[in-house]
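Biologist: Could you walk me through this model before I plan my reading of it? I'd like to start with what it is and then look at how the pieces sit together.

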Amino acid sequence: MRSSVSPVPLTDRFGRVHTDLRVSLTDRCNLRCTYCMPAEGLNWLPRAEVLTDDEVVRLARIAVERLGITSLRLTGGEPLLRRGLPDLIARLSSLTPAPHLSLTTNGIGLARTATALKTAGLDRVNVSLDTLRADRFKDITRRDRLPDVLDGLKAARAAGLNPVKINAVPVRGVNDDEITDLTAFAVDHGYRMRFIESMPLDAQGAWDRDRMITAAEILDRLATRWTLTPAARDNNAPAEEWHLDGTDTTVGVIASVTRPFCGNCDRVRLTADGQLRNCLFATTETDLRTLLRSGADDTRIETAWRTSVSGKGPGHTINTTDFRQPDRPMSAIGG
Ligand code: SAM
Ligand code: SF4
């Protein structure tokens, strides 16, 4: 145990300090978003390979106590499918030093769980919502669940998981005509809108650059309704934030493809089966699960973690001919 010792920053050879850990709690999902996975779903991880709560908590403890991780984002797949999530959150929130805890979810089931999650120690939530039209929601996610997501958003706001952010991935010819409507909806309901450029991380390998709506296009569409002024951006946050005139809110644009922010990256990722990834686009992983299950002590795990981060590349290569899509899709890495 080293809780009385200050953490030593998790730094790579480019001087980037890693303070943000994304933890995937499951690769399973109850939606089938077309830009993410096929209609039939994927070959889910066998349950025995998925980290237990004790294992997740142990790795998170090493991360905050030894490596200087200050922020934990729980994701998936769909993290609300994880059984006993409030208990896991309570255990993570009582780590020392206490990390900032957030969750990325499709919102299904959030209406039922938002208060328990907040009480357990969750700070914030991001809810994915690509359309406000029920028929279109069904086409995009292959499930007829729009009302559940809208209820989940309301419940998150009422529970105080603020600011509640909405994530949308605009795709040409699918939902790109809703960029201003989604933003107006967020403004009217007190949510914060963020648009994400679609990335070549779908399970089908069907990403098409021409169908991606670029940050420049998103801003052009927003400018048809609002005057946009650059707003302060959180340190290392991937979203460029813009203030919308006449409102007290901002809209964020995550331009992973056209304006990569790799030079400021502060993230590491843990998959549901305990593989550490130093980049969303990494093609190699470090197997922390085997270390955990073979009795490695904290120092050995810390060393493996640091070795992984020191081997991190300067950035993704999506915009080069060298790009190779990682074997795992976004839903299995943890978005
Ligand atoms: N199921 C949860 C959800 O949808 O919020 C968490 C996991 S999901 C993989 C996390 C985020 O990744 C979502 O906001 C989703 O829209 C986004 N995403 C999925 N596939 C993507 C892709 N190919 N490009 C960009 N974003 C993607
Ligand atoms: Fe599920 Fe999230 Fe992927 Fe949609 S984006 S299929 S909700 S993991």
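Modeller: What follows goes through the sheet, then some helices, then a few single residues. This is a predicted model, in which local features need pLDDT of at least 70, side-chain atom pairs count only at pLDDT 80 or more, and totals for chains, interfaces and linings use all residues. Residues are numbered from 1 along each chain as its sequence is written, chains are lettered from A and ligands numbered from 1 in the order in which they are written, and side-chain values use heavy atoms, with hydrogens and water left out.

Biologist: OK, the sheet then. In what order do the strands run?

Modeller: The open sheet has 12 strands in the order 9-10-11-8-7-6-5-4-3-12-13-14, with mixed pairing. Strands here are DSSP runs of E with at least two residues, helices are runs of H or I with at least four, and both are numbered from the N terminus; two strands pair if DSSP finds at least two bridges between them.

Biologist: And which strands stand at the edges?

Modeller: Strand 9 and strand 14 (286-287) do, and each has a single partner strand, so one side of each is left without a neighbour in the sheet.

Biologist: How does strand 10 pair with strand 9 and with strand 11?

Modeller: Strand 9 (residues 228-230) pairs with strand 10 in the antiparallel sense over three bridges, and T229 has H243 of strand 10 as its bridge partner. Strand 10 also pairs with strand 11 (residues 250-254), again in the antiparallel sense, over four bridges, with W242 opposite V251 of strand 11. The hairpin of strand 10 and strand 11 has five residues between the strands, and G246 takes a positive phi near 80 degrees there.

Biologist: Is strand 10 mostly covered or mostly open?

Modeller: Strand 10 (residues 240-244) is mostly covered, since four of its five residues are buried, where buried means under 20% relative accessible area, exposed means over 50% and partly exposed lies in between, with a 1.4 Å probe and protein chains only.

Biologist: What about strand 6 and strand 7, in which sense do they pair?

Modeller: Strand 6 (residues 124-128) and strand 7 (residues 165-168) pair in the parallel sense over three bridges, and N126 has K165 in strand 7 as its bridge partner.

Biologist: Switching to helices: how do helix 3 and helix 5 cross?

Modeller: The axes of helix 3 (residues 110-120) and helix 5 (residues 146-159) come within 8 Å and cross at roughly 20 degrees; axes are lines fitted to C-alpha atoms, for helices over the stretch in contact, and angles run from 0 to 180 degrees between N-to-C directions. That makes the two helices roughly parallel, a class for angles under 35 degrees, with over 145 roughly antiparallel, 65 to 115 roughly perpendicular and the rest oblique.

Biologist: Which residues make that contact?

Modeller: Helix 3 contributes L110, A111, A114, T115 and K118, while helix 5 contributes D151, G152, A155, A156 and A159, contact being heavy atoms within 4.5 Å.

Biologist: And A158, buried or exposed?

Modeller: A158 lies in helix 5 and counts as exposed because its relative accessibility is 71%. Its C-alpha atom is 8.5 Å from that of A114, a residue 44 positions apart from A158 along the chain.

Biologist: Last one, what do the buried residues of helix 6 pack against?

Modeller: The buried residues of helix 6 (residues 179-189) are I179, T180, L182, T183, A184, F185 and A186, and they pack against helix 5, strand 7, strand 8 (192-196), helix 7 (215-223), strand 10 and strand 11. Just after helix 6, G190 takes a positive phi of about 75 degrees.
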